[in-house]
Amino acid sequence: MARLTLAQLERHLWAAADILRGTVDAAEYGDFLAALLYLKRANDEPGGQLPERARWERLSDSEFGGPGEQLHRALAALGHRPGYEQLRDLYLHVRFSAVEDRRLGDLIDHFGRIRLRNEDLAYSGMLGDAYEHLLQQFAYAAGRKGGEFYTPRAVVRLMTELAQPRPGMRVYDPCVGTGGMLVAAAKYVEDHGGDTRDLMLAGQDTNPSAWSSAAANMLMHGVERFRLDPTDSLTLPIDADGGFDLVLSNPPFAVDYRRDEVPRVEERMPYGWTSERGKADLMFLQHMLDMARGRNGSVVSVLPRGVLFRGGQEQLIRSRLLDADLIEAVIGLGPNLFHGTGIPTCLIVLPAAGQRDPERQGTVLFINAEREYRKGQAQNVLLPEHVQKIASTFHSRQEIPGFSRIVPREVLEENADNLAIHRYVLGEPQAEQQDLQAHLKGGIPVDEITPKLPLLAAYGLEPGDLFLARAGSPGYMDFRPQGKRPDAASLTTVARVREQELWAAYEEGWQVAARRITAHLPHDDEPRATRPLASLREELTEALREPMLAVALLDPHGLGGTVAGWWQDSESTLRSLAANGFTAVVDGWCDDVEALLGRTDHPRRGSQPNSAAYRHPVVAALLPDFLEKLAEERAAQDDLDVQYKELGPEDTDSDSGATAGAKAMRRDFKKARQEVGKRIRNLEAAFSLTRARSELDADGLRAVVLAVLRRDLAGRLEEQLASNCAELVRTYENWEVKYGLSFQEIEDRLPGAAETSRTLRQTPWSERGSQGERHEQAALLFNVIDAEKLIKAEDSKLEIKQHFALLPALDSTAKHDLGSDRLSLGEVLRHSTHGMDGLLSTDSCGIPVVAPRNLTDSGFDLTDLRYATERGRTTPRLRPGDVLMSRSRTMGAQPPSPLMVTVWRGELADATFSHTITRLVPDTERLLPDYLEAWLRHPQVRRQIESLPWPAEQELLNMDIDLPSLKEQVRMAHKIGKLAEERADRRIQLAKVSLIRSALTLALVGGDNVSDA
């Protein structure tokens, strides 16, 4: 049997949680599973001196009570082993009695199905990785309660990258929680080739559950030297035994304390004492300094940002710490990174006393990393590239505008030692500069192009490739004529050329990386590798980064983070390779897929749908043709399912007197669906990874593993390239929206343009900037206001013309002349449906979901989309000609928002719509989509619809609609469409004039973000 993989063990642990579901609070699941995992591991370890009462087979012995009592007895016995005295009461707090005996018996049986000897695991340390995954999942489930004891791993990784722990260090966490900080310190040492056996790890936590989780975390990760005390670090600090080299912690925010309970408070907290009520943050920080004092150690701690700027005693403590030169860096973190709290947070780095480099003395490095995160559904996350950027900036002490700044002590003193990060580094985008000369007379200021020169250069572009030089005015460039300007398609084509260069460099680097992986790891039947995996990490990082950096397309931080993220995700595979070789890894993957499919009696079998198994990367490597064919058949099945659903319920055939042809169509659809379903079942029945794997020799197996590793890194690069290309397109589009249409051009299109723009044409704006000619600025502002009024008037006229265009079809006299029919709306629709329901994400890898916010009077605004990551078989797909209607619900007694109606014209290749939108599909033999849109938007019809209770689908379908001939509908829709185009132009003009009016107003009153160049 293949060794147990990390994915299989994680799934087994999650299945164990399912056994407990509904019996105790989710926050307690971890305690139960950790206790069983700890006991099972102790039983499976060879050569261990296991007390008789702790033996697994004794758990079913009813002589000494039920399963809960037996578990407590067995776990207590483990604590009586020599050397394990500090763990004697490790799981005394677990409430086994809260779970009925039958479920506890099922839980014991479930763990009994796996064996946890080292030779049963894919690699050494896998048990610790699985336990870490378990802690993370239960922290998510527990929300705020989980956040009290668990710090997200990405934040912990950042802290260790800042601290850079080394072999031989003594590391301490006064609020140890689940022990993640200490384990991460040991892992950092191991990852960088150091020996972890001489590390000493220590921590404290008053919560029994957290203390036991931390102890289990140490044991599962194989940490040999640690001390964990279930005590409060402020009132009962452990004996520092000479002090610690490094303190890492995430103490509880804003908790109370009692000064009279803090021993040696003057000695331990010499910089001051905060208020006892809700202000213990800086007391914890001083305790950390005290524990590090004996060995001149350093401190990295998470803190709430309030400690940076609040007054009173906290200000006094900050001043004294600064006077002692004990604050090296303050790093602002992004929002919502921690479980269950939205409190703004920061990292503070305190160096070893008197150990700062001379060039760093008397300064504080501020890093504003508020925007360094990826937005998630429930919680934001730090990605490896964010960690890389923050850590490298800290170590290099690099000053980056808008991101980092070194501030001298005297500047801080001038600010009353207020350390609020925004005082020194404005991370949020500042008010956008407005150049009045460009707004009024056209062109774009070179100053606004300059900050984007690195982006343009990355794609081999110069400003002259996008704009035209302006003779006699080097400070401005002109937009190219309409029709010759770059657009998204042309810029993407330019980007593709540079991307091909990067992919060539990637292939070059990957060939080197593949050879180094092969050279480092054992082949079949060879002894395991003796070199540490850390050396391979350095070799692979160098091999992959260097050729791609030479292309100069990707940012070094982003590229380094991409490679680091790939390593983190691939580390379990590489560790398994180092221990067992290529054959064992492929066999483990195949066994995992078979278990997911439920085709095996293996105790680790899963219950996920087949799609989860087919997404395993080994399937794409071994059976790519199967996946391609399956995707084709499923797409056909999806299409048939959606079309069949659009026919409506079967009982409508008899109700509506359906023709024999309609009934035959329904039968044909059923038959086609059955045939596709049969082909899919046959495909899946013939699926066999085992057969495909048996056809591979040693070289083939090696190729499969390398292909999986390569594909994962390539996918990460594709995401980054897509993001960079989108930024290039967005940058030019923003320039064009901002300056592509000048006030002079707008005036030329308005009635009386020759008179209103004469002054502007004769007098350059640059001559109006002096204080003595403010009246001319005011006169120009009045001109702009007049133009704004005129544009609004023209837009209103166009709106009336649109309504008049449809009036003959609504007027009782005129519609007779048109030969109009009056029918209920439901009679001339093929069907009406609501969209999909369910959770959406911002991950653009899913299918776009059009929501009410994307519908506007002038069409669709698709800049703010959400995506469905899982697509059901009957997820409705938008097709050109669908009419989408939305009237969003509001809270309380407020009326629903105005009705929005828009025709979908295939703006996206594949998209669906949300359940808050109604899709109307007209029978185009009688009703055209554009006519339906115009009819629904007409004020007379709109008022009738908005008077209905909402939602009012049936009432809507019962409304009468007057239908002229198709020819007349085409004529009306064409006329309305032309008027809509004119209105769209007017709205663009109106938005631009409004922007110019605001900029001129600011210029008159002295706005800082306005240039009159």
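This is a short chat about a predicted model of one protein chain.

Me: How many helices and strands does the chain have?
Reply: The chain has 39 helices and 25 strands. This is a predicted model.

Me: And what share of the residues is buried?
Reply: Of the 1013 residues, 51% count as buried.

Me: What about the accessible surface of the chain?
Reply: The accessible surface is about 46300 Å². Carbon and sulfur atoms account for 50% of that area.

Me: What share of contacts joins residues at least 24 apart in sequence?
Reply: Take the contacts between residues at least 6 apart in sequence: 76% of them join residues at least 24 apart.

Me: Confidence next. What is the mean pLDDT of the chain?
Reply: The mean is 84. A pLDDT of 70 or more is reached by 87% of the residues.

Me: Where does pLDDT stay under 50?
Reply: Residues 756-772 are one such stretch. The model gives that stretch 36 contacts beyond four places in sequence. Residues 889-893 also stay under 50, with 5 contacts beyond four places in sequence.

Me: Switching to helix 4. Which of its residues are buried?
Reply: Leu 104, Leu 107, Ile 108, His 110 and Phe 111 are buried.

Me: How far apart are the end C-alpha atoms of helix 4?
Reply: They are 16 Å apart. Helix 4 covers residues 101-112, which is 12 residues. At 1.5 Å a residue the span should be 16 Å, so the two values agree.

Me: Now strand 6. Which way do its residues point?
Reply: Strand 6 covers residues 329-332. Ala 329 and Ile 331 point one way, Val 330 and Gly 332 the other. In a regular strand, side chains alternate between the two faces of the sheet.

Me: Are those four buried or exposed?
Reply: All are buried.

Me: Which sense does strand 6 run in against strand 7, and against strand 8?
Reply: Strand 6 runs antiparallel to strand 7 (residues 345-350), with 4 bridges. With strand 8 (residues 363-368) the pairing is parallel, over 4 bridges.

Note on methods: Residues numbered from 1 in each chain as written. Predicted model: local features only at pLDDT ≥ 70, side-chain atom pairs only at ≥ 80, totals over all residues. Heavy atoms only, no water. Buried < 20%, exposed > 50% of the residue type's maximum accessible area, 1.4 Å probe, protein only. Helix = DSSP H or I, 4+ residues; strand = E, 2+ residues; numbered from the N terminus. Pairing = 2+ DSSP bridges. Expected span 1.5 Å × (residues − 1). pLDDT = per-residue confidence, 0-100. Contact = heavy atoms within 4.5 Å. Areas by Shrake-Rupley, 256 points an atom, 1.4 Å probe, with all protein chains shown as cover.
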